[in-house]
Structure formats: structure tokens, C-alpha cells
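Let's walk through this one together, one question at a time. Have the sequence and the model open beside you as you read.

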Amino acid sequence: MSTRISPIVSHLNLAAGCGLRDASVTASAYVSDPQLEYQCVRERVGLSDLTYYAKVRVSGAAALDLINHVIITDLARLPINQTQTSILLSDDGRPCGEALVMNCGDYYLVLSEGVEPSVLFERLSKIADHQFPDAIVTNQTETLGLLGIDGPFSWEVLKSFMGIGVIGLRYLEILPDQALNNIPFTIFRAGKTGEYGYVLLTSGDKLVALWDALMEIGKRFDIQPIGYNTLDLCKLENRFVNQQQEGARVDNVLALNTRVLVSRDKGDYAGSAQIAKLMASGSPSRIIGITFAADTHVDKPGLSVGDEVLCHDEKIGTLASLGYSYTLKQWIALALVDTTYAYVGLDYTVGEYTARTVSAPFIFNRSLQIRPQEDSYFN
Amino acid sequence: MIPQLQEIIHERQDVLFKIKAELIDRLQLEFEPVDIDDDTFLFGGGLSLDSIDAMEIVLGVQICFDVMIPDGDISAMRTVNTLADFVLANKSA
């Protein structure tokens, strides 16, 4: 394993608030009060450094077959200039990474988190060598840079220099050949915060310049950088799969409530036999949302991932992810519980607390009330 | 499992199944009810429905359960489970 240091970390000379994510030293937070970063994403706009993502280009006649072999979904109907969200599968059908697959016309670009870039590249290369010799796999993790811009008014920051066309960009649609201060980038609408979200792809040597340019142009929108702790909390609140949390704690991908993603007709793929079996029998456990009473101590709840979930003293599961929702002003969690108990509206026990099962997502996003044709940050 | 818990679960399972069957039938989805997880998102990822489908969902819920989702109430239409929350809350109201 080789550890990388994000160019943004070096550029900002961040001495504290960094952590290792997918073998890359990245900012976990930029300010000491996590609520400030959180409010930035939920009320305005935040900029995030996604350097830690793996970026693997796959081209050649067997490119589609190779990627299809390692993801839960089917790329066959993915149009050019469109992205697909998916989950990477291990050979036994477990989730092993989050994936965004871009169809760039001549090639696919796999952007992934939750897996070390070198591990993903080596695995894809090995499978290509053995099963898909017509696929060419290139590791572009170092040569490409990735930034995320999220928030109810992220579209307005982009509109200020891209023009009104960005408002029409549909979910997961790719818009190539854009520029800010002569820094070229490709953009697609995505994100895992539940707010308006966009991912910007540029060359690795332009990443810092693009970061600075976005921070400058976003000043009047009160843009702030956000670290991966805030991104993780937003993922949890909106129930995006997090490979670092619940994804690492389930023993099969269907436990993540992913049945509609499973391709029925792409033939054999990694873990397909195990997944087919579970599709027929049902996953023995699955993830469900849990909230704790609002009076649960904010700073020291006495809760942790791995805690047992009990129903009348019988263990029915464990906590798989945990966070404090500043929107709900409550501790929230994901629990991996016996499927027969995984229904909403039930009270279980975790430690000394009552844990109520709730529907996904946990919160109602402000972006759902913002209409870019009518609204503005300055209204 | 204690009978009271079982009763709550059965009531919810019944509503969830009806919602899924109605969505499949009305929107011609290529799924069986068992293929749709309760927390499946209706729009964006998940079932990837659109605004036209949203009107069909409102109609389907009204016909199936005799409850009306108010115009613009998108909080009820996030996932299959939020639809079930809305139906159960308004059926007993």
C-alpha cells in the first residue's frame, strides 16, 4: 500500500484535521466545529476534495464486460455522457466499494471510494488479463483530480460562470469541455449529500488551481471547504451507501437494500451465484434506520458502532453506522438487523436507550424546496 | 416475537405490499413486489421515477387506500417506506 497526500492538503498546509481515506491523506474537517461545515452543505454550498477516489479508465472492446463483471448494476444501457451509480462486488458477492461509472464514449471511467485505488486497479487488471484480454485498464488516480460541490445553492455558484445551461443538467448527466479561469474540467451532476451536487473532473496538475478558483468565485455564496466527516454524516442522513461504514459490516450486498439495482440479465459476474441465491431466499439481515430520543446526550451518548440492538432482551442486530444529525437534533444510526424485525415504527433497545426504526431518508433536504429557475441564495 | 409487535409488522407489510404492487402495475415496472426493498428511493437512484410518475403515485395511493397526498407534499414520496408512513398515518387519522 502506498500512501498519497492530497495536493489540497499540501496546498492549504493542513497540519490538523486530516486522516487517511482510501490510502490518501485527506482533510476530515477544515474547522473545529463540525456543525459549521454541516450547515454549509445543508444551507449554502460546500467544496470537497475527492482526491482519495480511485480513478480507473477502462477502454477496449471488452471494457463494458469487464466493469459489468465487478459491479451490481448493468452498464449495457448507459448512454454516452451519462454516469451510473453502482456498488463494486467482491468475488463472493459482498460490497467492496462505491462506484460512479462514467460513459465517456471511447472509454469508461470508474470513480470509486471505499477501496484503495491500487487495489481496485490491480484487481481490474488481473481480471482483464484472465477473462477480458480486450479490455485496457489504466490507473488515472494520480493524473486526474476530483472535486465535489454540494449544497442547495451549488448550482448557482456554477451558473455564475457556466451560464444557465448548468441548471438543465440532469441527474448523472455529464457535461464535458467546461472551463473556469481557463482551467478545463468535466462536470457531472451527482453527489451523496441529498442536496444539489456536482462532481468536477480535471487533470491532476490543475486540481489546486481549480479549487482556488471555485473558492474565489464561491465567496459571495459563502462557500466553505468540507471534509469527509461532514460528507459521511450527509450520506448517513440521506441513506447513501457508505462502504467505510455499513458497507464494511454487511456480509452480502442485498443487506444494503439494493435489490432493485441487481442486474437480472447480464449473465455471470463476481458473486452472481451467491447473489442469485439470496435474491431467491432473501437476505437474513438488512440495514434499517434508527433514531434515538432527542434528549440523548449530544456529546457523550454512550453509543458506538457494533452495539447490540435488542428486542425484549433478545439480540436482533448491531449498529452499523452512527452520527449526530444537526437537522433532527438527534442521534441517528443504521442498524443491521434480522430481516423479520427490519420494519419501520418499532421500538427496540440499544444500551440504555430506546431506538425507534424509521424510514429512509432521515431528513428532508432544503434542495427539494429550491427551484433554480426562481430561487437564489441572495433572495 | 411478541404478538403486539407481530401485529404492527403485519399491518405495515400489508400496506407495503399493496404500495409495491400498485407501483408495479401503474408504472409498468419490471419487478415483483419482493424485488423492491421497503427503503427503495422512488426518484433519482432506486426506481428512477420522474415527475409524471409522481402524479401516477398520488392517484394510485388515493385509489388503493382512499388517502390523498396533498399537492406538492414530496416528503411522502421519497421511498416506499415514506409512502407507507403517509398511508398508515392518514388511514388511522
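Q: Which residue in β20(A) stands opposite A:Tyr348?
A: Happy to start here, and note that this is a predicted model. Opposite A:Tyr348, on the β20(A) side, stands A:Ala355.

Q: Which residue in the hairpin of β19(A) and β20(A) takes a positive phi?
A: The hairpin has 2 residues between its strands. One residue there has phi near 60 degrees, and that residue is A:Gly351.

Q: What is the bridge partner of A:Ile290 in β20(A)?
A: β20(A) (residues 353-358) is also joined to strand β15 (residues 285-292) of chain A, by 4 bridges, and these two run antiparallel. In that pairing, the partner of A:Ile290 is A:Thr357.

Q: Is the peptide bond from A:Ala360 to A:Pro361 cis or trans?
A: A:Pro361 sits in the segment after β20 of chain A. Most peptide bonds are trans. The bond from A:Ala360 to A:Pro361 has omega near -10 degrees, and that makes it cis.

Q: In what order do the 3 strands of the mixed open sheet of chain A lie?
A: Start from the edges, β1 (4-5) and β2 (18-21) of chain A, each of which pairs on one side only. β1(A) pairs with strand β3 (residues 24-27) of chain A in the parallel sense over 2 bridges, and in this pairing A:Ile5 is opposite A:Val25. The order is β1-β3-β2.

Q: At about what angle does helix α7 of chain A run to β2(A)?
A: Helix α7 spans residues 228-238 and lies across β2 and β3 of chain A. Its angle to β2(A) is about 60 degrees.

Q: Which are the edge strands of the open sheet of 5 strands in chain A?
A: The strands of this antiparallel sheet follow the order β6-β7-β8-β5-β9, and neighbours are turned by 25 degrees against each other on average, direction ignored. At one end, β6(A) pairs with strand β7 (residues 95-103) of chain A over 8 bridges, with A:Leu89 opposite A:Pro95. The strands that pair on one side only are β6 (82-89) and β9 (136-139).

Q: Which three residues supply 26% of the area that chain A buries against chain B?
A: The contact draws on 27 residues from chain A and 28 residues from chain B. Together the chains bury about 2200 Å², with carbon and sulfur atoms giving 61%. The three residues of chain A that supply more than any other three are A:Arg259, A:Val260 and A:Tyr343.

Q: Which side chain meets that of B:Asp39 in a salt bridge?
A: Between chain A and chain B there are 4 salt bridges, and 13 residue pairs are in polar contact. By class, the side of chain A that touches chain B has 16 nonpolar, 7 polar and 4 charged residues. For B:Asp39, the N to O distance is 3.4 Å, under the 4 Å cut-off, and the partner is A:Arg239.

Definitions and conventions: Residues numbered from 1 in each chain as written. Chains lettered and ligands numbered in written order. Predicted model: local features only at pLDDT ≥ 70, side-chain atom pairs only at ≥ 80, totals over all residues. Heavy atoms only, no water. Contact = heavy atoms within 4.5 Å. Buried area = accessible area lost by both parts, 1.4 Å probe. Polar contact = N/O pair within 3.5 Å; in protein donor to acceptor, adjacent residues only side chain to side chain. Nonpolar A, V, L, I, M, F, W, Y, C, P; charged D, E, K, R; others polar. Pairing = 2+ DSSP bridges. Axes fitted to C-alpha atoms, helices over the stretch in contact; angles between N-to-C directions.
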